[in-house]
Amino acid sequence: MEYIILISGFLLVLIGLWGILSQKNLIKIILGFTVFNTGINIVMVTVGYVKGKTAPILDVISPEEALTSIVDPVPQALVLTAIVIGLGVTALMLVYALKLYQDKKTLDINNFKDLKW
Amino acid sequence: MDYSITKFLWTLLGLFIVLNWGMLMSSTMRRIGARVSGRFGIPWYQPWIDLTKLYSLKSQVSHGAMFFLGPVFRLMGGVGIFLFLPIIYGSDHWSNYSFSGDLILILYFQFFGMLGMALGAGEGGHPHSAIGISRGLSQFTTIEVPMTLAVISLAIQYQTLSISDIVAAQQGGFTTWTLWTNPLATAAGMLSLLGAFGHSPFNLVKAPNEIPIGPPTEYHGVFLGVLRTNGAILHVAEAALFMNLFFGGATNWVELIVKTFLIYFWSVFVGTVFPRFRIEQSVRWFLKVPTIIGIIAIIIFL
Amino acid sequence: MIKKLLIVGLLTGLAFMFYGLLISYNGNETLTGLGSYYAQNGAREVGAANLVSAIVVTYRGLDTLGEVTILFLAAAIIGFVLKLKKDEVVEARPVRETSELLTSASQVIVPVIFLVGVYIFINGHLTPGGGFQGGAVIASGVLLMLLANPTMHISHNIVATIESISGIAFVAIGILGIVLAGGFLDNRLLPLGEFGTLLSAGAIPLIYIFIGLKVGAELSNIIGTISYNQNEKPN
Amino acid sequence: MVAPIYIIAVALGLAFLLGLLKSSSTNLGSLLMLAGLAFIAFVSGQWLYEFLINGRATEMIFTAGFKPPFSINLRMGMQEALLTTMINAAGLLSGLYLIDTLKKTGINSMTVLLVFVMSLNVIVMTRDIFNLFVFLEISSIATAGLVLLSSKGNAFQAGMKYLIATGIISGLFLIGIIFSYLYAGSLNIDELNAAHIMDIKGGAIAIFIIYVSVILELKPFPANGWGIDVYTAAKPGFSALISSGTATAGLYVAYKLLPLGGETWLPYFTIIGAITFIGSNLMGTRQQNPNRLLGYSSISQVGLLLMILGLSNQLGDNTLFIAFSILISHYAAKAGLFWLSGIVKSQNLEGWAVLRKQPFMLFLFGTFIFALIGFPPFPSFFGKWQLIMELATQENYLWMTLILTGSFIEAIYLFKWLGFAIKLDVPSNIVMKFEWNKYLPVYLMALTLYVIGFYVSPMVEGGAFINYIPLLFVLALFALDFLPVFVKNTISIAGIIYYMVDLFSQLENDLMRQIFAVIFLGGAVLTLMAGYNKKGTRAGFYPMALMMFAGLTGIIEANSMLEFFFSWEIMTAGSYFLIIRGKRSMPHGYSYMLFSIGGAYALLFGFALAYASGLDTTIAALGHITQLTTLAYTLLAVGFMTKTASLGLHIWLPGAHGEAESDVSPMVSAILLKAGVFGLMLLFLYMGTGTEGGDKLLYVLGWVGALTTLVGNLGAVFQEDAKRLLAYSSIGQLGYILFAVSIMTQLGWLAGFTYTINHFMFKAILFLVIGGIVVKLGTHNMYEMGGMIKKMPFSFIAVLISIIVIGGIPPLSGFAGKWLFYHAIIQKGWYFQGAVIFFAGIIAFLYLFKLIHSVFLGQLKDNHRNMKEISPWILIPSYLLIIGIMIFSAFPQKILQPIGEMLSVYFPESLHWEGTKAYTSLGYWDGTTIMIVVMTAFILLLGWLVLMSKKIKKVEQFNIVYAAERPFRPETTHVSYNIYAGYKKAVGFLVTPVVEIFWDSMSALLFDFAGWLRRIYSGNMQNYALHVVLFIVVFYLIALGGL
């Protein structure tokens, strides 16, 4: 089970990268990033999975049983942070794309080569 | 070193002999040259007449101090070579101030006169002076190449740079002359000598016909007299140098006179046979045959 | 085309790398490492039923502070970016008429959304969720409002004030942690309370409230600024 | 003590507080921001002080009251304190610098800056890898945002590129983190480092991913287009912070994580660092935009530091010292340069000439450039020295070569730039306005370089003995630069004389050093005397001249290789500035510098090999080189030969000496060149004869010397420019010396010394006099001169005597050299080389005649009829030197005999003296007698002529008959131009500038290669992302592909 999720996580990473590297439209590239980030988040959560265990919330489980009944809470906490960071970056990218569009009236990535060499 | 007055007088006497022999030699050579071209030529005493005339001319023109000093330098060059040359082998009286005759000193002392002459003529401001000097210097750089090689070859051969020692090593008969013991060095040296004496084909420097003016005209009267004096001394002195290096030196004046005459004659002989080179031709020529001979002269000792 | 092939090649290379990770991954049979420590001691030390919250807010509080900072930064950057070229001529976007359904529904749903958001962050130490989730939910409410009324102007001042004050409060609680408890961002400056109840886990609920407010305000701020900029008329 | 956690708390609190301010209250906002930056700078500085002065132990900061690894912890130790202080100082100064921009863009931007600096602090301090990731993200986002402080349109593109690239990198970084967590069970860096997860395949890949992300954050070549664009597009004020701050933090991250993978990963760091170092510097050579150039340079420096980290297992305990000294130089210099760039506001390098309006800023510019290249007294000098030494002990020649190559390429463009600033016309459209908040940071960074350099020097072995007194004197002259020439000149001369007296008391038993001390310092006094001739203040001249002389003194005094190299570089720097002062000297100063640096690196390599052979730092180490002996000696010889301008390395000299100012030419020609001679002599003495490689080297050098002489002298023959003629003549003369010294017998060395002393005297005279004439007549072209003997008789006599010496005509001292030469050559058996040497010697007459004839003889030009003799201040030193020549000529044994005795320690005696006679196995010679005989004969003959001449009439200039008429125009009558046309026809092919063509094509090759390579920077952000992925994949396949 966790293998499938892990594989799909990696696949999402690759698909996201494909989008980033091959798409010409800036918005699509940014979408590529969100796919990429999602893939990474999935991978992270999966890594913290312990076979047959449940979420690390001690509402029904008593703290004493916690060790034997929950999955690793650390990757989840990390993912939480990672998601928010990804969100911040995506928001910034969108704004930059917006400004680039306003500047050149296009979103084609090949048009932003003012700086080179 | 002996600085006594007797030594000085002996040297002065030697200089006097050399001067007269030089003049006689040059008139003889001119006569030979004239006879070859079917002319009668000058009388043998013509140089003395010329010299007397020049020294007694009154009208003199000077372009300045260096112009005036030029001939002095020039004469000093000739006299200096004489002074530093042991002219008769084994004779205290005729070894002058040579302290065993350092070859390098003599080779470099040649420049003394040349430089002075060049500067003096330069101040004259005549374009041909500068042209002549530039040609002379150009040619001279390459004349010296085979000469240097020959000298090095001799130095290797005799392991000395002292002329007296070189002559000493050649004593013992005709066959011990460098001419036979080191023919290649001799060849290089004698080819170089052609340039040094400045006869045809290497006389573009003086260019006696095409350029009738230049230093010889700028320098006139006493100046020219001094130059002529030097010419006479220099020719004998240089011939004596080659004699010492390649032909066993001279143990008495007769031997000296014969040998220097023949050496001098060699350059005149070539001069009457060959036409004149342009400057780049002579430069190239010296860098070819004589230089290669000189190089081989060294290689055989390696 | 060559470029595409190159990309495919590169992704294959990456896939090769991921494959390496995959085959050496065996899945976890038991909880080990840090996780086991938190499982054993988290409840006792921090007092939060939601162990993820315990980690996020306390054990790794500095990360969270950084995370908040990132959003804050994004908002700040977007703020000064979008006001940079006021003089530039921006084409007004044709505002489409919003559908009746959306307008009406938003009036009903938005308060509920806000409420849910608040609930989520207040209960962050007990149930799945927390400040970020709650804040995001609140921001989605704002987004809905904007969708319903694209010309709506979100007061920058109010949002910014909420944002800043909650931020300062977060830092202040952190510093109080040094003064009153074991270190920066230590939640034990307040009593841990009874495990599993609302008023438990020390300062975590308090921090989550501020985080929730702050995230909500920041995201709203971002959305609002972008929207405002899009609607800007040429002056 | 303020706890380090308050760096975060206060900065963030202030940042949030700023959000409360009204958008109009920018003044208050900027105050708060500066206060915040100042506060964190204070905190870190205070910790640094604690660690440095009180030796406090490293402090751990536990957040949330739990011990790691369960919670995040920070560390504040010596290293962290140092780096955060650096970062915060740069942050504060950048804030100050950018204050106007920040006010314009509003409070938000201030917040971002504050958070940015704070995040760098945490990156340095944190010991948690995920926390590291978070704050790396903060700094990335803040960077992308702060790029936009620049109002240029391309800033958004740069920001976007940056976001895309860092987005990919950070995503992968997360994968690396989570998998290392999986295998190590911890996020704490110290625990991760101890966990050894390398052995597990997944662990190895995780480490790879972490490493590749960290390295990518450092913008390795060629996957760094996105980084460069940020440097280019951002406000220089902010680029300074990226270059100094971010790079510092990023490198520390790499350092922190080094133990993670263990030693197997170090080579990759080294390789990537090397590629980056060289690649970026190559790119730098093609840059026109100062910010972009600085960007490439920054990245290259980071590459170098990465290399050092990668080599840490070999550098051992010295790693930190080396890294720090190079890092701090990069930090201060790059920040200073970027800030300067913001002040200059020019989009091309040429515009920097505007700095000349503010000489002090130009001085600072020079300081930064020299610090970057690694000149003394800056920290990078000591760092590079130690680095090369350590690498040599580890026999890591490849890395040594690469480091030196990269540094050389860096010098190529940095010195081109400096040359532009010093020499190009001041552009009128650029105005530099004084704003204290922009100037102050620049001043402080420059000050940092000097201070740290001073404090760092004792940490290098042998560095504690460096004599800073001459440099302090130089500094004093800098301070007194406003005074008129007369005062400064007097001070300089007095100082040098005082120092010389002092020096002599130390050199009692060392004749060789005494001779060179006389040449260097006595020469300094004489050539400086000519300076009384100048008017005004002559800004900048005296410090630079004295710097050169300080360096020259230093190489005499040096006991250790470090001192020697230190002084050598000081001398190079000083002479560079002197040379480039000439009107048209820009390209020549540049090529001088490049050859000097190349030579210096060769020396450095050689010294390193010497050091590695016995871990001996004294100069005596040159005597027993066991590592790559032949190469070491060759490199050292080549290094010294760049200064003596030997064949192949000589092309800088004619321009540099020919175009220099009239009294600089004698300094650099008569004096400076002797530094190379001194070096060669020192080298050969230690090397000795009898070693197989050494003897081969000497044989080759003998030929090089001979051919140098030929090429130099031939080159001089065809010059029309008087000073260039002299310059070529110097090449020739130095060829003689090289040849003579290579002979390695007592005679050869005596000849060498004779030439050295002679060349010092006559070249000083010639350059002084000819230089004076050139200035007076306003032309370098000899054919435009003529007849000067009438106007300048004293000059003429000085020149005449000099050329008699050069020509080696008896009776003057030049002949002594020739005589010794012949004997030495024949003893040694180097006949053909000798023949070449003598051929060249006769060629010298051609140019000597041309010189004296064209200038002094021939026809006086109409516009020179009212010329007067040149200044007595030039003639006095010249005549003092002539007295020297005369004494040397008349009593050569007085000098040569002691030298011979000194040499007999090293060589079998091949020359002995009896009274005034010098004997060799080949003959003997007596300078005094020659002098007496020639003088007497000359006077007698002169008397004879005077006696015979009657009524000499002085005539006018044109009293000649030429082509059947009396000429009246001096121009048509003065034969000088191309006077040796016939000679050129015959042997002109020998002066084909083969060497120039070689170096030109080498540089063309380099530039073309760089131009071709830089096409990867297409500007397309997607390509840049592709580069990043490509980098990862290639790196992966190389590092772990077979796993």
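Let's start with one pair of residues: in β4(D), D:Trp913 has D:Ala918 as its bridge partner. This is a predicted model, in which local features need pLDDT of at least 70 and side-chain atom pairs count only at pLDDT 80 or more, while totals for chains, interfaces and linings use all residues. Residues are numbered from 1 along each chain as its sequence is written, and chains are lettered from A and ligands numbered from 1 in the order in which they are written.

β3(D) and strand β4 (residues 917-920) of chain D pair in the antiparallel sense, with three bridges. Two strands count as paired if DSSP finds at least two bridges between them. Helices (H or I, at least four residues) and strands (E, at least two) are DSSP runs, numbered from the N terminus. The open sheet has three strands in the order β3-β4-β5 (chain D), paired antiparallel. Its edge strands, β3 (912-914) and β5 (923-926) of chain D, each pair on one side only. From one strand to the next, the twist averages 30°. Axes here are lines fitted to C-alpha atoms, for helices over the stretch in contact, and angles run from 0 to 180 degrees between N-to-C directions.

## Domains of chain D

Chain D is split into domain 1 (1-127) and domain 2 (463-939), with bounds that come from an automatic or database domain assignment. How far apart are the C-alpha centres of domain 1 and domain 2 of chain D? They lie 57 Å apart.

## Chain B on its own

Chain B is built with 12 helices and one strand. Starting at the N terminus, its elements go α-α-β-α-α-α-α-α-α-α-α-α-α. The radius of gyration of chain B is 19 Å, close to the 19 Å that the globule rule gives for 302 residues, so chain B is as compact as a globular protein of that length. That radius is taken over C-alpha atoms, and the globule rule is 2.2 Å times the number of residues to the power 0.38.

Along its principal axes, the C-alpha trace of chain B spans about 55 × 50 × 40 Å. Of its 302 residues, 60% count as buried. Buried means that 20 or more other C-beta atoms, placed from the backbone, lie within 10 Å of the residue's own.

## Where B meets D

Which chains share the most contacts? Of the four pairs of chains in contact, it's chains B and D. (Two residues are in contact if their C-beta atoms, placed from the backbone, lie within 7 Å.) Chain B puts in 64 residues and chain D 63 residues. On the chain B side, α5(B) gives the largest share, 17 residues. That side divides into 39 nonpolar, 17 polar and eight charged residues. Ala, Val, Leu, Ile, Met, Phe, Trp, Tyr, Cys and Pro count as nonpolar, Asp, Glu, Lys and Arg as charged, and the others, Gly among them, as polar.

Strands link up here too: β1(B) runs parallel to strand β6 (residues 952-954) of chain D, joined by three bridges. B:Ser62 sits opposite D:Lys954 in β6(D).

## The other chains

Chain A brings 37 residues into contact with 47 residues of chain C. On the side of chain A that touches chain C, α4(A) gives the most, with 15 residues. By class, that side has 27 nonpolar, five polar and five charged residues.

Chain A and chain B don't touch, and their nearest C-alpha atoms are 53 Å apart. Chain B and chain C have no contact either, with their closest C-alpha atoms 63 Å apart.

Methods: Buried ≥ 20, exposed ≤ 12 C-beta atoms within 10 Å, placed from the backbone.
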